[in-house]
Amino acid sequence: MNESTSIAERFRSKFGANPRVYRAPGRVNLIGEHTDYNEGFVMPAAIGMYCWVAISPREDRKLVLRSDEFSGTVDVDLGSAEIRPRRMWSDYPVGVALQLKQMGLPLPGANILIHGDIPMGAGLSSSAAVEVATALALAEESGHTWDRVQLARLCQKAENEFVGARVGIMDQFISLHGRKNHALLLDCRSLHFEFAAIPENVRLVVCNTMEKHELASSGYNQRRAECEEAVRRLAQAMPGIHSLRDVTLEQLERHRGTLSEITYKRALHVVTENARVLEAAEALRSGDIARFGKRMGESHCSLRDLYEVSCAELDVMVELAGKQEGVYGARMTGGGFGGSTINLVEARFAEAFAERVARGYEKETGIAPKIQICTPAGGATLVEPSDLQE
Ligand code: GLA
């Protein structure tokens, strides 16, 4: 039985109605880390791990939420003016529903069951996938077709305002726009994007350190504040800049004296990372995966030494990867402070790579990692009823 069939069955037994099922994928980011909220460039790819949302309408205006991963039922009256975060899993779907409501969508009530196979806290965007699957389900079931860029913005706003994590737009955007066998180059200022094909003989190998990260309580918001501080200071000498996107390496060096050591390091990461993304995209266009991989390695060092969002486990994983045959590049992926690494590996070496890295990692850290061999997947979608009958 596939995932969507079983979630539909569990939904029927919990709510006594036939649901429609939506799913949204998790992601890896190939390069461009902590650049999205600085209006820079990112290059993520959706992967075939999903959040599933089964939904059916209700007569009243209640949102009744259940989850396969968490116990209990959460009941929210959408007509109420006072809906507050509860600091738990339901904040993601409820935050999204409130955003839809605030944007003027007359949301009817709904029963919802959520199931996910994206590991939580692994840096693979399980949160964005919940938001996106819920947003798509609620919007479509209300009979409205929303532009996907608008939906991505709305989900990001929900996480910023209701959950309290000041994330950028990358994760929600790729979950809605993923394309099979392609990575996506996104300009986070204009939201202009293009797809870049990942060669058929290359695999995305995801190595989960099993060291959990938690964005809302980690140094994520602090990093974001440090970048804003850098912009404020640099703007005194360079009026008219809005974000680190507007700063060149030469300008940063010239005005280094206006920054503290910490803010300089953060800014240096962002400015050089943006340049690396553009170079990596160019390398991919010309089929030079080795050059792409080099930029990934540099990105990891910058995140470790300048942005300081790596951790011992991520560094061990990247170091081990670098010693294997057939690997083009390896780096931490996502927000950091734990989570996963992404490795570009030649397909015929992928299995051996996974085995050796797993063995080496366990030996060094005492932790058994989870390693998955992936290819880029498509974006969020309604699961057709024919798929439910399999
Ligand atoms: C998390 C956030 C993204 C992005 C990355 C770091 O995944 O959700 O918006 O900032 O961290 O690149």
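1. The second largest pocket draws the largest share of its lining, four residues, from helix H6 (residues 220-237). Helices (H or I, at least four residues) and strands (E, at least two) are DSSP runs, numbered from the N terminus. A pocket is an open set of points, on a 1 Å grid over the protein atoms alone, with protein on both sides within 12 Å along at least five of seven lines, and lining residues have an atom within 4 Å of a point. The model is predicted: local features need pLDDT of at least 70, and side-chain atom pairs count only at pLDDT 80 or more, whereas totals for chains, interfaces and linings use all residues. Residues are numbered from 1 along each chain as its sequence is written, and side-chain values use heavy atoms, with hydrogens and water left out.

2. The space in this second largest pocket comes to about 240 Å³. Its lining consists of 16 residues, and Asp36, Tyr37, Asn38, Glu39 and Arg224 are the closest to the centre. A volume is the space filled by probe spheres set on the grid points, which are joined across faces, edges and corners. The lining divides into six nonpolar, five polar and five charged residues. In this classification Ala, Val, Leu, Ile, Met, Phe, Trp, Tyr, Cys and Pro count as nonpolar, Asp, Glu, Lys and Arg as charged, and the others, Gly among them, as polar.

3. The largest pocket has a volume of about 920 Å³. It is lined by 48 residues, with Tyr92, Met120, Gly121, Ser126 and Ser127 nearest its centre. By class, the lining holds 22 nonpolar, 16 polar and ten charged residues. At least two lining residues come from each of strand E2 (41-57), helix H2 (91-102), strand E5 (110-116), helix H3 (126-141), helix H4 (148-163) and helix H5 (170-177). H3 gives the largest share, four residues.

4. The structure also holds one cavity of 30 Å³ or more, a cavity being a set of grid points where a 1.4 Å probe fits but cannot get out. The volume of the largest cavity is about 30 Å³. Met49, Pro119, Leu124, Val206, Asn208, Lys370 and Gln372 line this cavity. Strand E8 (202-208) and strand E11 (370-374) each contribute at least two of the lining residues. Four residues of the cavity lining are nonpolar, two are polar and one is charged.

5. Helix H4 has 16 residues and reaches 21 Å from its first C-alpha to its last, close to the 22 Å expected at 1.5 Å a residue; the expected span is 1.5 Å times one less than the number of residues. At the start of H4, the backbone nitrogen of valine 149 has a side-chain oxygen of aspartate 147 within 3.2 Å. After H4 comes glycine 164, with a positive phi near 95°.

6. The buried residues of H4 are Val149, Leu151, Ala152, Leu154, Cys155, Gln156, Ala158, Glu159, Phe162 and Val163. Buried means under 20% relative accessible area, exposed over 50%, and partly exposed in between (1.4 Å probe, protein chains only). These residues pack against H2, H3 and H5.

7. Glutamine 99 is placed in helix H2. Why does glutamine 99 count as buried? It does so because its relative accessibility is 4%. Its side chain makes a polar contact of 3.3 Å with that of glutamate 161. A polar contact is a pair of N or O atoms within 3.5 Å; within protein, one must be able to donate a hydrogen and the other to accept it, and residues adjacent in sequence count only if both atoms are side-chain atoms. Apart from neighbours within four places in sequence, glutamine 99 is in contact (heavy atoms within 4.5 Å) with Leu154, Lys157, Ala158 and Glu161.

8. Two loop residues may be set side by side. Glycine 338 lies in the loop between strand E9 (327-333) and strand E10 (340-346) and is buried, with a relative accessible area of 2%. Leaving aside neighbours within four places in sequence, glycine 338 is in contact with Thr209, Glu211, His213, Cys311 and Leu314. Serine 71 lies in the loop between strand E3 (62-67) and strand E4 (73-77) and is exposed, with a relative accessible area of 70%.

9. Helix H1 (residues 3-15) has 13 residues and reaches 18 Å from first C-alpha to last, close to the 18 Å expected at 1.5 Å a residue. Buried in H1 are Ser4, Thr5, Ser6, Ile7, Ala8, Phe11 and Phe15.
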